[in-house]
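Here is a short briefing on one protein chain. Look through the sequence and the model first, then read on.

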Amino acid sequence: MSASQTTMDKLYGMRLSVMAQAYRDQEEMLGVADMTFDERFAMIVDAEWDSRRINKRTRLLRQAAFSDPEANVIDIRYDADRKLDKVKIAELANCEWVKAHRNVLITGASGAGKSWLACALGVAACNAFYSVRYARMPEMLDELTVSKDEEWLKSKKRYTKCDVLIVDDWLLEKIGGDQARELLEIVESRLRTGSLIICSQFSPAGWHAKLGEGAIADAVIDRIVYRSDVIHIEGDESMRKRIG
């Protein structure tokens with residue numbers, strides 16, 4: 001057995017199959033004999049690096065559980081009546097807001113395309129290698145207001161440990177006291193660990209009625225609004241009608 005084959009076998013044995021394949025490919029390259037050791041080694045390491053980044057991105061996209069995983073900021077429709085700020089959305093697509101632990105609040109009527117836009121920004125965050133979690137608020141609160149066992153703790157970590165939490169269908173209906181307290185816990189955790197994207201048919205001025213007048217409502221709204229970029233989608237036609 002040749003020394004190169006022995007090396008490749010060891011690489012496969014260490015589950016470094018991409019490096020092994022890159023090493024094998026070099027053996028068949030023209031002009032490889034004229035390359036320095038550092039040049040050859042750099043090519044092998046680059047192959048492994050690129051493969052791992054692709055795999056990480058794929059894993060992040062899968063774990064995010066987007067409602068629309070194909071959403072992409074390059075496909076956003078800037079119809080005049082929607083009144084979307086192209087420059088602002090381009091800035092958000094760069095994900096500096098995630099790095100700064102800021103939020104994005106997307107408002108608009110039902111069918112305006114809020115969920116799709118949120119997923120597009122979430123996909124951009126995954127492409128920048130941030131962890132994202134998509135959730136509908138009713139389902140999230142149902143999950144968090146059950147018996148607090150080990151499964152409950154795992155669920156809560158999914159909402160508190162990711163870099164970006166997307167909460168869709170925000171406050172469609174009035175919520176109870178236990179739900180409001182759990183919501184405050186989630187929002188509070190985002191102050192320290194990451195960012196929120198919230199999709200709501202109502203502006204923050206209408207949230208009090210849904211959260212209940214009181215300290216919890218004030219705390220939730222204050223923690224979200226003061227550090228949020230707001231995108232309001234206008235237009236008389238729903239996205240389904242526009243696309244159809």
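**A covered strand and its neighbours**

The model is predicted.

**Strand β1**
- Four bridges link β1 and β4, and the two strands run parallel.
- β1 also pairs with β5, again in the parallel sense, over six bridges.
- Leu105 has Val230 of β5 as its bridge partner.
- Six of the six residues of β1 are buried.
- Burial holds on both faces: Asn103, Leu105 and Thr107 lie on one side, and Val104, Ile106 and Gly108 on the other.

**Helix α11**
- α11 spans residues 215-225, and its buried residues are Ala217, Ala219, Val220, Ile221 and Ile224.
- The cover over these buried residues includes the strands β1, β4 and β5.
- The helices α9 (177-193) and α10 (207-211) are also among the covering elements.

**Whole chain**
- The protein has 12 helices and five strands.
- Its radius of gyration is 23 Å, whereas a compact globule of 244 residues would have one near 18 Å.
- The C-alpha trace spans about 75 × 50 × 30 Å along the principal axes.
- Of the 244 residues, 40% count as buried.
- Among contacts between residues at least 6 apart in sequence, 77% join residues at least 24 apart.

**Surface and charge**
- The accessible surface is about 13,600 Å², and carbon and sulfur atoms account for 51% of that.
- There are 36 positive and 39 negative side chains.
- The centres of these two sets lie 3 Å apart.

Note on methods: Residues numbered from 1 in each chain as written. Predicted model: local features only at pLDDT ≥ 70, side-chain atom pairs only at ≥ 80, totals over all residues. Heavy atoms only, no water. Rg over C-alpha atoms; globule rule 2.2 N^0.38 Å. Buried < 20%, exposed > 50% of the residue type's maximum accessible area, 1.4 Å probe, protein only. Contact = heavy atoms within 4.5 Å. Areas by Shrake-Rupley, 256 points an atom, 1.4 Å probe, with all protein chains shown as cover. Lys, Arg positive; Asp, Glu negative; His and termini not counted. Charge placed at Lys NZ, Arg CZ, Asp CG, Glu CD. Pairing = 2+ DSSP bridges.
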